[in-house]
Amino acid sequence: LQRVRSRFAACYAMDGTTLEALFRKLKALQEVIEAPFGGHLVAICDLLTHLPSKIWFAEDPATNDKAFLPQVLAWLPKDSLLIFDLGYFAFTFFDAMTEAGSWFVTRLREKASFTVQASLLDRPQARDQIVKLGKYRSNPSTHSVRLIEVYVNGVWRQYITNVLDPQRLSIMEVVAMY
């Protein structure tokens with residue numbers, strides 16, 4: 001992680017959660033049949049220090065993780081690497097991060113379509129390709145990404161990143177960081 005961090009301004013992980021019903025935490029509410037939820041929280045943590053770097057909160061527990069993306073983009077320092085799960089999977093977010101000069105690693109959504117533009121590596125246990133996400137005119141991505149596939153325990157695991165240079169972020173680093 002130290003070596004990867006030296007190639008980026010910062011390295012972060014982002015995740016969101018619906019806060020548990022208050023009755024699970026407060027004795028006074030354990031008798032209430034319909035206990036209220038506590039809201040929705042999105043946190044970005046520094047991967048080196050494991051400390052929170054930024055937290056956003058919405059009172060509505062049904063708030064979708066993607067609702068926070070404009071705030072994430074406004075806050076994220078340029079040249080930072082952000083790791084996130086499928087809750088934030090959106091071509092527009094990927095394009096906006098690329099245009100802002102920030103980097104990401106996430107998994108590939110199972111039904112995502114893509115077109116291969118170039119093959120960087122093709123081995124029995126690993127593939128590394130430059131792809132364009134979205135085959136259909138209504139929703140293609142603007143910028144290319146790397147599709148990294150590794151075969152682990154009988155299953156192909158797929159990751160995408162907008163770090164197109166394998167020298168800056170290797171297959172092993174992508175898998176380890178995710």
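What percentage of the contacts in the chain between residues at least 6 apart in sequence join residues at least 24 apart? In this predicted model, the share of such contacts that join residues at least 24 apart is 45%. The chain contains 4 helices and 9 strands, which follow one another from the N terminus in the order α-β-β-β-α-β-α-β-β-β-β-β-α.

Strand β1, which spans residues 10-18, takes part in pairings of both senses: with strand β4 (residues 80-84) the pairing is parallel and extends over 5 bridges, whereas with strand β2 (residues 40-46) the two strands run antiparallel and are joined by 7 bridges. Individual positions illustrate these two pairings, in that C11 stands opposite L81 in β4, and A13 stands opposite C45 in β2. In a regular strand, side chains alternate between the two faces of the sheet.

The largest pocket has a volume of about 170 Å³, and its lining is formed by R107, L108 and E110 together with V155, W156, R157, Q158 and Y159. Strand β9, covering residues 155-161, gives the most to this lining, contributing 5 residues. Sorted by class, the lining of the largest pocket consists of 4 nonpolar, 1 polar and 3 charged residues.

Definitions and conventions:
Residues numbered from 1 in each chain as written. Predicted model: local features only at pLDDT ≥ 70, side-chain atom pairs only at ≥ 80, totals over all residues. Heavy atoms only, no water. Contact = heavy atoms within 4.5 Å. Pairing = 2+ DSSP bridges. 1 Å grid on protein atoms, 1.4 Å probe; cavity = no way out; pocket = protein on both sides within 12 Å on 5 of 7 lines; lining within 4 Å. Points joined across faces, edges and corners; volume = space filled by probe spheres on them. Nonpolar A, V, L, I, M, F, W, Y, C, P; charged D, E, K, R; others polar.
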